[in-house]
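Work through the exercises below with the sequence and coordinates open. Each task is followed by a solution in steps.

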Amino acid sequence: METLIDIKNLRVDFELRSGTVRAVRDVSLTINKGERLGIVGESGAGKSVLGFSLINLISKPGKITNGEIIFQGNDISKYSYEQMRKIRGNRISMIFQDPMMTLNPVLTIGTQMMETVLAHMDVSKKEAEEICLDKLRKVYIPSPEKRLAQYPHEFSGGMRQRIVIAISLLTSPNLIIADEPTTALDVTIQAEIMDLLLELCETENMGLILITHDLAVVSEVTQRIAVLYAGKVVELGTAEQIINNPQHPYTQGLIKALPQMAGGAKRLNQIPGMMPSLRDMPTGCPFEPRCAAKLERCKHEIPTLKELESGTQVACYQRNGGDK
Amino acid sequence: MRTRWQRFKDSYMLHSFLRDPVALTCFIILSILVISAFSAPIIAPHDPYDSATIEIMDAQIAPVWSEGGSSKFLLGTDAQGRDLLSTMLYGMRVSIIIGVGAVCLQAFIGIIVGLLSGYVRRLDNILMRIADVQLSFSTYMVAIFIGAIVQTAFGVAGYDKVAVPLLIVIIGLAEWPQYARTVRASVLAERKKEYVEAARVIGLSRVRIMWRHILPNTLSPVLVISTVQVANAIMSEAALSFLGLGMPVTKPSLGSLITAGFEYIFSGSWWITIFPGILLVGLILVINLLGDWVRDFLNPKLYKG
């Protein structure tokens, strides 16, 4: 399999007045061409920062301080703003959480779509319009010719998210980063949008990074899952392995916390405690204070990702090398 | 497909406009005033700029309904024997041109400065301090200063020719910080929104994001202040003319007509001052009332209930 994007030891720091906060801590991930990877974790685990760092659009005090992002053979983390602009929306596009907010309220859908096409491709207006119509059909928008002249407020939430997806497809990117694309939609539409994304990725052979906290969604759409905790990947494996046979105590906790896992009990399961503040990380494993299966050395040493026999990589002394 | 006209006909804007009797009346009055001002060369009974037709013997004739009035001059004549109605129509045209022109200039400078200082943070401090400095001078002070210099430089005869553009520039330069501040405030609010982020993710250039994405979203407050600013600019022009620094008496605006008549008010020729005064008050009142309606309409709090 050909590698699409190779993230090596990526580190993102936010330099605040009160000190440096490390939001992404030495994350290494590889995505092959046409592969779908899910990134799961609690709020504040650094999922979105990781997503934004891939296209170098982390909001102000944040900076990539270490690591490489090799995309199609080039390290794009070192690219200048102008160089990056040619990649963004062209080779890598992004879908956001809330489709109500990501479309400009005063421009028609057509204007916003054409703009993207014309910014990245050398085509005439007529051809650009054809591309827009084609992509709108791909996301099953009925009578797209009419829709191009309409404003975002004339669409429903689900329709808008489809348009956002259509915009991200315009330049036939190699990779789509979807940052919780269904969180703002209601449940019936969620499945629809997810199916659509899945279908498009398969037919167009696009890579997908799906950032979400919804394990159910991620297991259906993606092939591999990375579990992020406090800016670190704690478990990485195939979707099937992670869901059916979670290794890291945190992943186990997450899966147990799903409402359907409570199994008729009055109370839902939860992981006790809170994620440590990024300002004062424990010296050892970041999950140690909440861990039910902690060992003595977890307090002082940070476990690294190690591969198990099942092929899953996990960062936990309990699961690998705990006895050594 | 619906045309723009159909869309407009069905819009909530037109609906609420027709429902509001004040706005509707003001709009009708304003239209009549503007149309009559700009068709002055056609509808005015006399040409006040043509000195050949003016008879000094006709000076200070009372309006037609009072004693000593002549049916030739509906609202009487001024001190130079010009028909007051015609002069007022021509004068209103001058006033409106200066008012609108000055506001266009203000808006042009103000929007560019506001966009830049709102979006390019490095420029913010310096541009806003310049705006503060500009605001700390009163409009009249700036106008008197520049006006006096230009009048001495060109002499009275030359000044006649440059008076209109000069007044536009003076009033335009004096008030642009109003726009700059309003636009900057909106830009600061808009740039945090996700569609701006999305536009950056798409890979659009900064200039394009600024012009095509942020600017249209900041235009509703700009529209509101524009109406008020037109009225303000007309007032400023009238005030400057009243002080003798605006339009010369040979090409009077409403303000210079009021001044010209002011000298004769105690000799009984009240109409030379009163009629242009009423017209000026009426013009500014309807513009302001329309501005109020626009503000209420565009205010999302009132609009969405």
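**Exercise 1. Helix packing in chain B**

Determine the handedness of the crossing of H5(B) with H6(B), and list the residues that make the contact.

Solution. The model is a predicted one.
Step 1: the crossing of H5(B) past H6(B) is left-handed.
Step 2: on the H5(B) side, the contact is made by B:Val113, B:Leu116 and B:Ser117, and on the H6(B) side by B:Leu123, B:Asp124, B:Leu127, B:Met128 and B:Ala131.
Step 3: sorted by class, this contact holds 6 nonpolar, 1 polar and 1 charged residues.
Step 4: for the geometry, H5(B) and helix H6 (residues 121–136) of chain B have axes 7 Å apart and an angle of about 145°.

Then treat the packing of H5(B) with H7(B) in the manner of the steps above.

Solution. 
Step 1: helix H7 (residues 139–190) of chain B packs on H5(B) at about 35°, and the axes are 5 Å apart.
Step 2: H5(B) passes H7(B) in a right-handed crossing.
Step 3: the residues of this contact divide into 23 nonpolar, 9 polar and 3 charged.

**Exercise 2. The side of chain A that touches chain B**

State how many residues of each chain are in contact with the other, and which element of chain A gives the largest share.

Solution. 
Step 1: the contact involves 24 residues of chain A and 14 residues of chain B.
Step 2: on chain A, the elements giving two or more residues are helix H2 (81–87), strand E6 (92–95), helix H3 (99–102) and helix H4 (109–120).
Step 3: H4(A) provides the largest share, 4 residues.
Step 4: by class, this side of chain A has 11 nonpolar, 7 polar and 6 charged residues.

**Exercise 3. A sheet and a helix across it**

Give the strand order of the open sheet in chain A and explain why one side of each edge strand has no neighbour in the sheet.

Solution. 
Step 1: the 4 strands follow the order E2-E1-E4-E5, with antiparallel pairing.
Step 2: strand E2 (19–32) and strand E5 (74–75) of chain A each have a single partner strand, so one side of each lacks a neighbour in the sheet.
Step 3: strand E4 (residues 62–71) of chain A is joined to E5(A) by 2 bridges, and A:Phe71 stands opposite A:Asn74.
Step 4: helix H1 (residues 47–54) of chain A lies across E1, E2 and E4, at about 70° to E2(A). In H1(A), 7 of its 8 residues are buried, among them A:Leu50 and A:Phe52.
Step 5: just after H1(A), A:Asn56 has a positive phi of about 55°.

Technical notes. Residues numbered from 1 in each chain as written. Chains lettered and ligands numbered in written order. Predicted model: local features only at pLDDT ≥ 70, side-chain atom pairs only at ≥ 80, totals over all residues. Contact = placed C-beta atoms within 7 Å. Nonpolar A, V, L, I, M, F, W, Y, C, P; charged D, E, K, R; others polar. Axes fitted to C-alpha atoms, helices over the stretch in contact; angles between N-to-C directions. Left-handed = near helix turned anticlockwise from the far one by under 90°. Pairing = 2+ DSSP bridges. Buried ≥ 20, exposed ≤ 12 C-beta atoms within 10 Å, placed from the backbone.
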